[in-house]
Amino acid sequence: MKNTLYICLSLLAIGFVSCEPELENPVNEEGFYDSGSANLANYVAVGNSLTAGYADGALYITGQENSFPNILAGQFEFVGGGEFTQPMMDDNLGGLLLNGQQITENRLVLSVDSEGNRAPVRLEGEPTTEVTNGPTGPYNNMGIPGAKSFHLVAPGYGNVGGILTGAANPYYARIATSGNATVLADAASQNPTFFSLWIGNNDILSYATSGGVGEDQTGNLDPTTYGPNDITDPNVFASVYSQEVDALSASASGGVLLNIPDVTSIPYFTTVPTQVVPLDAATAAQLNAQFALYNTQVLPGLVAAGFITQEEADLRKVTFSAGQNYPIMTDDDLTDVTQILIAQGVPAATAELLGQLRQVNNSDLIVLPASSVIGTTPNPDIPTNIVGVTVPLGDELVLTAVEQDRVATASASYNATINAIANAKDLIYIDAKALLKQIDETGIVYNGGVLTSEFGTGGAFSLDGVHPTPRGYAYTANVIIDAINAKYNATIPKVEIGNYPTITLTNN
Amino acid sequence: MKKVVLLAVCALATAVTYAGGYRVALQGNKALAMGHTGVAVVNSAESVFFNPAGLVYLEDQLSISAGVHGVFSSVAYQNDAFGTYAETDNPLSTPLYLYASYQATDWLAVGLGVYTPYGSTVEYEDDWAGSHLVNNIDLQAIFIQGSVSIKVNDKFSVGGGPIYATGSVNFNRNLTRSLTDLNGNRSEVTVDASGVTNWGWTAGFMFNPTDNLRIGANYRSEIILEAEEGDADFQNIPNSPLTPFADTKFDASLPMPAELAVGLSYEFCDKWTFAFDYNRAYWDVYESLSIDFANPQVPDSENLRNYKNASTYRFGLQYDVTEMFTLRAGYYFDETPVREGYFAPETPRNDSSGYTAGLSVNIGEHFQIDASFLYLHFKEVDASYDYYFEQGVQAPFRGTYKSNAFVPGLGVSYKL
């Protein structure tokens, strides 16, 4: 009996040892892939929310796991890449606490109501990531959501005490090596062998997403005087950007610089159509009657008196018709005629309404948050007060052509700087602007689908309409891998972007 | 008989693996040692499976054969475009068999067999690159067969009988390539059905034109195991009406295809026997793995397989060394039923070559120990499964596969 058992077991044991099938050229064998002339042992990523893995209006664990630097680092492991550390949040809700008080919102999820309408809503729950109790950096991923170009070199940007006044950034305060440290110094102290820098987006984006309520600071060389929604002076940008590349490339064998995409390529600005107000013929006629005096008397009168040009008068005309209409808005780039009208005896309330009033036109971009405002009645007691129809959209909800020009001018200048520095330093220049344009215009075909910038369904953009989804970040990583392979004669494998998630569905 | 019990102790489970599709050609240690030939071989009760017509030519009043095979199988996968790599961690599976034949009269023998001709146990690491196709599968089918064998004369006999099949399946895969819950856990489904039964039959004949030559043919009918009211368990599903995957029941059917065997055996130089079998498996019945969920909210799962009929060519040699020892060796070539573009990782089977050897040792007058050994070699293959769809768009799953299996077996024969 014992013998039989012995024979039986030993036969099984022989089998167990001999059974592993071996592929001829296993991908996990040293040397299958090659890093070429790049040294990817210690990769440090520096930038803003796009580097951090921010998505859906928050920073949360699964988003960080799918940050483009983390995806890159995963593929770098095939060619000698070392550990890649990230300042992981404590949960998948994403909100930040400062001394127990929530200071940033939770992530957005796509919710479906009982009538089947889909809309992004904030995920409910008590977040647990406390800024004052964060882990201490530095980390390989030094992407700081909200950071502008000059913030990376600003001492005190990680000082907890400065968060509420806006002088410091909670994401950096959470991990800064000291209250006086700079993001750049914390990054460079790790002696990266390879780096990526994607910064400058917020230098125009906060202006754009706020509908241009900030100032264009071109000409003002002192960024400490800038407001949060201002456009950074291109010379300030060029100066700090150059400083940042110098610091990061001091120890590095190579690096990647990514440029600034156009705001017109992202769903935050392209989702809400300009002709967003549906009206029937009767309502349109009634509204036209209300604006008749304004169109035919007030505007020509202002032109005649020399307060505005004929061009501005044409821009300020308000007309509605049956079908889809342009909403009315307040444009702070128009001449403010409130006082003039009051002086002419127009009631103050009406004068204020008409002061910088015009109708949205095709050259404007209505921002995504306007979709939940247009058509609502702010005061339920006055049902005729309808946003976009009788109540103008605030300036913060529309990025006008004038404002777009300011953004485009600044970003073109930033991009010229980035390109020039990339050439001078022999670094990789990734034209993120062209890539986003391509995603927006034609889409990117991948195995199993097409990546587009269509809000909610296109797969590239998360529910905040600004930041990519994990799939969008994975595509970014692939583009960078292609560029590294070409530049440094490397053979790093890419990722299958269809395996990366897009937006999250959840009903609270 | 104690030894038989002991063998059963070795057998951790009756799960099984290997051969074209999910056919598991391990139906006897004597036959396997000879390349799994046997349709025209008469040497033990293993003929209950291989060709019941041969039972009536067995010399003893009562013949019993029982045994077990230990299947160590493994699959390595990679895709060098992405650096993805996976290796299955298949548990040892131990298909069993038990055959008995009783010579009732000079012209009639009756037999009984229990064996496991179909099955598959494949376990990948959860959430591996092909997890949207399979994480793991455990498919088992046990056939119980009664047989009669009738000698028409010394040169010709017929045999056959009914088969009762009982099966079970447990299959887990992720719902898509990317769907997760809020915390990033991949959404997955496990379908589980057991006690699925159906009937089939087998029939064959044996022709002995000379004292040394036997010719045999045997046909085993297809048996379609139709799972009804199986359990579908969905995990990590987002809380959204857009992902209405609630636990439900399911119906599915899995065919055990018909198989035809024809072959011959030839005794020569007194102590030698040569055997050749040709098998044809009618896999074209396996068009699709379709899972019909009871809950109308849950979309049914349609997985094209589109198998083709496939042949196996088997060669075996036996040498009676002494009264006490018999040595055997064999080879077979097993064609895959999987068409190009339908290479699904749950049955990653391309063409294979089996190399076999074994021996029998007589212990006393009544007992024989049968040992066998099979090494099954698959060539490395670049293959893809092209019929996975997301939102109606085809998303092929490609890669390089390399499989093998290593199967030691041990059995006992008793004759009276």
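In this predicted model, buried residues account for 54% of the 416 residues in chain B. The secondary structure of this chain comes to three helices and 23 strands. Its radius of gyration is 22 Å, close to the 22 Å that the globule rule gives for 416 residues, so chain B is as compact as a globular protein of that length. Of the contacts in chain B with a separation of 6 or more, 69% are accounted for by residues 24 or more positions apart.

Chain B also meets a partner: 42 of its residues are in contact with 43 residues of chain A. On the side of chain B that touches chain A, α1 (2-10), β2 (72-79) and β23 (397-415) of chain B each supply at least two residues. Strand β23(B) gives the most to this side, with seven residues. Sorted by class, this side of chain B has 20 nonpolar, 15 polar and seven charged residues.

Turning to chain A, helix α4 (residues 68-76) packs against helix α16 (residues 470-488) at an angle of about 50°, and their axes are 8 Å apart. From α4(A), the residues A:Phe68, A:Ile71, A:Leu72 and A:Gln75 meet A:Tyr473, A:Ala474, A:Thr476, A:Ala477, A:Ile480 and A:Ile481 in α16(A). By class, this contact of α4(A) with α16(A) has eight nonpolar, two polar and no charged residues.

Conventions:
Residues are numbered from 1 along each chain as its sequence is written. Chains are lettered from A and ligands numbered from 1 in the order in which they are written. This is a predicted model: local features need pLDDT of at least 70, side-chain atom pairs count only at pLDDT 80 or more; totals for chains, interfaces and linings use all residues. Two residues are in contact if their C-beta atoms, placed from the backbone, lie within 7 Å. Helices (H or I, at least four residues) and strands (E, at least two) are DSSP runs, numbered from the N terminus. Ala, Val, Leu, Ile, Met, Phe, Trp, Tyr, Cys and Pro count as nonpolar, Asp, Glu, Lys and Arg as charged, and the others, Gly among them, as polar. Axes are lines fitted to C-alpha atoms, for helices over the stretch in contact, and angles run from 0 to 180 degrees between N-to-C directions. The radius of gyration is taken over C-alpha atoms; the globule rule is 2.2 Å times the number of residues to the power 0.38. A residue is buried if 20 or more other C-beta atoms lie within 10 Å of its own, exposed if 12 or fewer, and partly exposed in between; C-beta atoms are placed from the backbone.
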